[in-house]
Amino acid sequence: MGLALDEPREGDETFQLEGLSLVVDPFAHKVIKDSGGLTIKNSLFGPIAELDGVSAQGCSC
């Protein structure tokens with residue numbers, strides 16, 4: 001799931017998650033809820049967001 005820096009729009013919701021303020025549009029909110037939630041993890045590149053209940057899949061070429 002990609003993160004973007006943007007200003008809130010009408011219909012967006014704001015959440016506090018692990019010290020970060022997240023602004024989520026209605027479509028992204030549905031994706032997050034359907035996957036079981038969102039976890040923020042630290043990486044070498046800074047915080048990253050991972051959908052809970054979604055496993056990464058690679059190509060079996």
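Trainee: How many salt bridges do you get for this one?
Mentor: The count comes to two salt bridges. Keep in mind that this is a predicted model.

Trainee: Okay, which residue does Lys30 pair with?
Mentor: Lys30 forms a salt bridge with Asp34, and their closest N and O atoms are 2.6 Å apart.

Trainee: Where do those two sit relative to each other in helix H1?
Mentor: Lys30 and Asp34 are four residues apart in helix H1, so about one helical turn separates them.

Trainee: And is Asp34 buried or exposed?
Mentor: Asp34 is exposed, because its relative accessible area is 58% and the cut-off for exposed is over 50%.

Trainee: Got it. What does the side chain of Glu50 meet?
Mentor: Glu50 meets the side chain of Lys41 in a salt bridge, at 3.0 Å from N to O. Glu50 is partly exposed, with a relative accessible area of 31%. Lys41 counts as partly exposed too, at 38% relative accessibility.

Trainee: Let's change topic. Which residues make up the largest nonpolar core?
Mentor: That core has seven residues: Leu22, Val24, Ala28, Ile32, Leu38, Ile40 and Ala49.

Trainee: Which elements give two or more residues to this core?
Mentor: Those are strand S2 (20-24), helix H1 (26-35) and strand S3 (38-43).

Trainee: I was also looking at Gly37. Where is its place?
Mentor: Gly37 is in the loop between H1 and S3.

Trainee: Being in a loop, is Gly37 buried or exposed?
Mentor: Gly37 counts as buried, because its relative accessibility is 14% and buried means under 20%.

Trainee: What is Gly37 in contact with, leaving aside neighbours within four places in sequence?
Mentor: On that basis, Gly37 is in contact with Ile32, Glu50, Leu51 and Asp52. You've met two of those names already: Ile32 belongs to the largest nonpolar core, and Glu50 is in the salt bridge with Lys41.

Trainee: Nice link. Last one: where does Val54 lie?
Mentor: Val54 lies in the segment after strand S4 (46-51). Val54 is exposed, with a relative accessible area of 51%.

Trainee: What separation do you get between the C-alpha atoms of Val54 and Gly37?
Mentor: They are separated by 9.7 Å, with the two residues 17 apart along the chain.

Conventions. Residues are numbered from 1 along each chain as its sequence is written. This is a predicted model: local features need pLDDT of at least 70, side-chain atom pairs count only at pLDDT 80 or more; totals for chains, interfaces and linings use all residues. Side-chain values use heavy atoms; hydrogens and water are left out. Buried means under 20% relative accessible area, exposed over 50%, partly exposed in between (1.4 Å probe, protein chains only). A nonpolar core is a set of buried Ala, Val, Leu, Ile, Met, Phe, Trp, Tyr and Cys residues joined through side-chain atoms within 4.5 Å. A salt bridge is a side-chain nitrogen of Lys or Arg within 4 Å of a carboxyl oxygen of Asp or Glu. Contact means heavy atoms within 4.5 Å.
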